[in-house]
Amino acid sequence: MPPLHDRRKIILASSLGLAAAIACTACSDRAAPVQSEPASVIPLVETEWVSIAGDCFQMGDDRTYPEEAPVHTACVSDFEIGSTEVTNAQFAAFVLATGYLTRAERGWRSDEPDGPGVDLPPASALFTPLAARPDTPLSWWSLQPGASWQAPEGSGSETSPNYPVIHVTRADAEAYATWAGGRLPTEAEWEYAARGGLDGSLWSWTEAEDRSRDKRANVWQGLFPIVDEGRDGYSGLAPVASYPPNGYGLYDIVGNVWEWTATPYAGSHDPNARQLAGTSGADPSRPGIAVGTIKGGSFLCSTSYCVRFRPAARQAQDLAFGTSHIGFRIARSVP
Ligand SMILES: [Ca+2]
Ligand SMILES: [Ca+2]
């Protein structure tokens, strides 16, 4: 079988139609971006599954942030996981088949369970570098009306088929996963897969490879959150599989977009924290908010602010909202 990069050049009639469909949902009367893109970025719509042999491993990290500790033994069964983050083209196939509307497209009513408790119009959280927002020096996140997976920066903005889908909640991701014949990975499955066979490593690559980090993952270079120098080739999102895979053949397992897992967030790996988290999750800094665990960091991760583009890194995310730097990949169990 040819490598993924070559297989992505295969123009499938179905993917071309879906790519054109998603392009048109975002740009209405403008030309579909896929029509002018080279064949190398024509997306595959089907999931490229990677088989992971189950094992026990050392999960977590005691060398970095406290929420990643303590290192402990975790075990996973055999499973399969998508080689890339779910793309807009893949998500478009789901939407076309089911008519699904994401939470960002629906907004919230104040009386809906598990919501923010107030009426909110369709919107999603959008990052804007401070250099572009001198009027709001203390915040680089805002709730952008009209922002969704189809219009990532708000009404009228455009996206591309081969970019990771963003502005999705965990429930949105779970709906896609179920339709695609899978589920979200657990945090343990995700972390084991992200390590790529490098048990105990700080990175999803070797220490030697870390010397060429700018070629390994899409993160932020420069002073966060002012200016992203883009020395890794991209300021902001990158098309999936733009960087080398890890040892298990997984692309962008760190960087590009954070990825939802099925695991409720706990403040650390301490058993007491896990028990406190229950099924709704618990973030000690925001008690009472239902939170899930996201993994892998994003294009916003920077050594000057947040070194979370590592397998052990983890973060809480409000289940009610997506953002412009969170996507997901799917997994499935092996019978
Ligand atoms: Ca980058
Ligand atoms: Ca990622």
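In strand β8, Lys-295 is the bridge partner of Glu-259. This pairing belongs to a predicted model, and it is one of three bridges through which β7 and β8 pair in the antiparallel sense. Strand β8 is also joined to β9 (residues 314-318), here by five bridges, and the two strands run antiparallel. Strand β8 is mostly covered, five of its five residues being buried. Val-291, Thr-293 and Lys-295 point one way from the strand, while Gly-292 and Ile-294 point the other way. Strands of a sheet pair through backbone hydrogen bonds, in either a parallel or an antiparallel manner.

The chain as a whole contains eight helices and 11 strands. Of its 335 residues, 46% are buried. Among contacts with a separation of 6 or more, 71% are accounted for by residues 24 or more positions apart. The mean pLDDT of the chain is 87, and 85% of the residues reach 70 or more. Residues 1-41, in contrast, have a pLDDT that stays under 50, and the model has 62 contacts beyond four places in sequence for this segment. Where pLDDT is low, the predicted coordinates should not be read in detail.

A further sheet is formed by three strands. This open sheet has the order β1-β4-β11, with antiparallel pairing. Strands β1 (49-52) and β11 (331-333) stand at the edges with a single partner strand each, so one side of each lacks a neighbour in the sheet. From one strand to the next, the twist averages 25°. Four bridges join β1 to β4 (residues 79-82), and these strands run antiparallel. Ser-51 stands opposite Glu-80, a residue of β4.

Gly-249 lies in the loop between α7 (207-210) and β7. This glycine is partly exposed, with 17 other C-beta atoms within 10 Å. Residues up to four places away in sequence aside, Gly-249 touches Val-50 and Ser-83. The C-alpha atoms of Gly-249 and Gly-82 are separated by 9.7 Å, although the two residues are 167 residues apart along the chain.

Helix α3 (88-98) is mostly covered, with eight of its 11 residues buried. The buried residues of α3 are Asn-88, Ala-89, Gln-90, Phe-91, Ala-92, Ala-93, Phe-94 and Val-95. Just after α3, Gly-99 takes a positive phi of about 75°.

In helix α5 (residues 170-179), the buried residues are Arg-170, Asp-172, Ala-173, Tyr-176 and Ala-177. Viewed down the axis of α5, these residues fall within an arc of 160°, so they line one face of the helix. An α-helix has 3.6 residues a turn, so residues three or four places apart point the same way. The cover over the buried residues of α5 includes α3, α4 (103-106), β7 (258-264) and β8 (291-295). Gly-181, which follows α5, has a positive phi near 85°.

Helix α6 (residues 187-195) has eight of its nine residues buried, so this helix is largely enclosed by the rest of the structure. Its buried residues are Glu-187, Glu-189, Trp-190, Glu-191, Tyr-192, Ala-193, Ala-194 and Arg-195.

In soluble globular proteins, nonpolar side chains tend to be buried together. The largest nonpolar core in the model has 53 residues, and Phe-91 and Ala-193 are those with the most contacts inside it. Elements giving two or more residues to this core are β1, β4, α3, α5, α6 and β7. Helix α3 provides the largest share, six residues. Ala-193 touches Ile-52, Ile-81, Tyr-248, Leu-250 and Ile-253, not counting residues up to four places away in sequence. A second, separate core of eight residues includes Ala-282, Val-291, Ala-316 and Leu-319.

Definitions and conventions: Residues are numbered from 1 along each chain as its sequence is written. Chains are lettered from A and ligands numbered from 1 in the order in which they are written. This is a predicted model: local features need pLDDT of at least 70, side-chain atom pairs count only at pLDDT 80 or more; totals for chains, interfaces and linings use all residues. A residue is buried if 20 or more other C-beta atoms lie within 10 Å of its own, exposed if 12 or fewer, and partly exposed in between; C-beta atoms are placed from the backbone. The arc is that of the directions from the helix axis to the C-beta atoms. Two residues are in contact if their C-beta atoms, placed from the backbone, lie within 7 Å. Two strands pair if DSSP finds at least two bridges between them. Axes are lines fitted to C-alpha atoms, for helices over the stretch in contact, and angles run from 0 to 180 degrees between N-to-C directions. pLDDT is the predictor's confidence in each residue, from 0 to 100. A nonpolar core is a set of buried Ala, Val, Leu, Ile, Met, Phe, Trp, Tyr and Cys residues joined through C-beta atoms within 7 Å.
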